[in-house]
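Hi there,

Here is the model I promised to pass along.

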Amino acid sequence: MSDLIEEEYSLLTVLSRFNISLGFGDKNVAEVCRQNQVDTNTFLTIVNFLSEDDYSLEHSYEKIDLPSLISYLKNAHKYFLEFKLPLIREKLILAIKSSKEDVSFLIMRFFDDYVNEVKKHMDYEDNTVFTYVEELLSENMPSGYNIGVFRKRHSPIGLKLLELKNIIIKYYPAGESSNLLNEVLFDIFSCEKDLEDHCRVEDYLFVPLIAKIEKERML
Ligand SMILES: [Fe+2]
Ligand SMILES: [Fe+2]
């Protein structure tokens with residue numbers, strides 16, 4: 001497991017979203033998963049999906065344990081809403097505090113609007129989509145909803161962050177605080193990639209898995 005992290009350090013976030021803590025010594029992936037009651041196939045499918053550009057999607061979702069995947073996605077939502085975005089906000093305030101009031105006001109308003117959008121997106125998934133899937137798993141066939149509704153309305157949430165980044169890069173007059181501002185930009189770049197990956201897991205692993213379960217139930 002430690003070799004895997006050394007090779008691709010961005011997988012650290014995957015570990016915490018599976019509630020796997022560090023300090024696993026020389027244990028291999030399967031042992032660490034077992035020790036933390038994590039389904040090894042689900043863990044490996046997500047790791048491979050995120051780390052290989054040409055990862056074959058065909059049927060890879062079939063190896064996934066759905067409750068493990070939902071818990072992974074819910075933990076990611078918590079991470080973005082309760083940790084990463086508030087941290088970026090704090091850093092952003094620090095970085096732009098010496099700039100003209102109207103510029104910093106606009107940047108903060110843009111950021112806060114963005115966070116509200118992400119919150120709405122993730123609340124909908126937590127409250128509507130995952131609740132529907134939990135019902136589906138409990139052998140009730142919930143009526144009035146299906147995963148096709150989610151597939152259609154699921155839109156990428158990294159885009160507005162790209163706009164914010166562009167506003168800062170193109171128009172912000174960098175002064176004494178350019179180191180701090182760069183620091184925030186690095187965070188925004190990595191958060192954007194993380195959000196894109198999160199959405200890809202939902203589109204290419206979660207949705208096909210639910211569609212398959214729905215199809216089986218119809219038969
Ligand atoms: Fe999500
Ligand atoms: Fe999403």
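Below are some notes on the metal site and the salt bridges.

First, the conventions. This is a predicted model, in which local features need pLDDT of at least 70 and side-chain atom pairs count only at pLDDT 80 or more, while totals for chains, interfaces and linings use all residues. Residues are numbered from 1 along each chain as its sequence is written, chains are lettered from A and ligands numbered from 1 in the order in which they are written, and side-chain values use heavy atoms, with hydrogens and water left out.

**The iron ions**

The iron ion (ligand 1) has His 77 (NE2), Glu 125 (OE), His 198 (NE2) and Glu 202 (OE) as its protein donors, at 1.9 to 2.1 Å. Donors here are N, O and S atoms within 2.8 Å of the metal (3.2 Å for Na, K and Ca); water is not among the atoms, so sites may look incomplete. Along the sequence, these donor residues follow the spacing H-x47-E-x72-H-x3-E. His 77 sits in helix H5 (residues 66-96) and Glu 202 in helix H9 (residues 178-218), so this pair, 125 residues apart, links distant parts of the chain. Helices are DSSP runs (H or I, at least four residues), as strands are (E, at least two), numbered from the N terminus. Both His 77 and Glu 202 are buried, where buried means under 20% relative accessible area, exposed over 50% and partly exposed in between (1.4 Å probe, protein chains only).

His 121 and Glu 125 are about one helical turn from each other, because they lie 4 residues apart in helix H6 (residues 101-137). Both of these residues are buried.

How far apart are the iron ion (ligand 1) and the iron ion (ligand 2)? The distance is 3.3 Å, and Glu 125 coordinates both.

The arrangement around the iron ion (ligand 1) is irregular because its 4 donor atoms subtend angles of 86 to 176°. For reference, four donors count as tetrahedral if all angles lie between 85 and 135 degrees; four count as square planar and six as octahedral if opposite donors are over 155 degrees apart and all others between 65 and 115; anything else is irregular.

**Salt bridges**

The whole structure contains 11 salt bridges, each being a side-chain nitrogen of Lys or Arg within 4 Å of a carboxyl oxygen of Asp or Glu. One of them joins Lys 91 and Glu 183 (3.5 Å, N to O). That pair links distant parts of the chain, with Lys 91 in helix H5 and Glu 183 in helix H9, 92 residues apart. Lys 91 is partly exposed at 22% relative accessibility, as is Glu 183 at 37%. Both belong to a network of salt bridges that links Lys 84, Lys 91, Glu 183 and Asp 187.

Within helix H9, Arg 200 and Asp 197 are 3 residues apart, about one helical turn, and their side chains meet in a salt bridge (3.3 Å, N to O). Arg 200 is partly exposed at 31%, whereas Asp 197 is buried at 13%. Lys 212 and Glu 216 also form a salt bridge (3.4 Å, N to O); both lie in helix H9, 4 residues apart.

Best wishes
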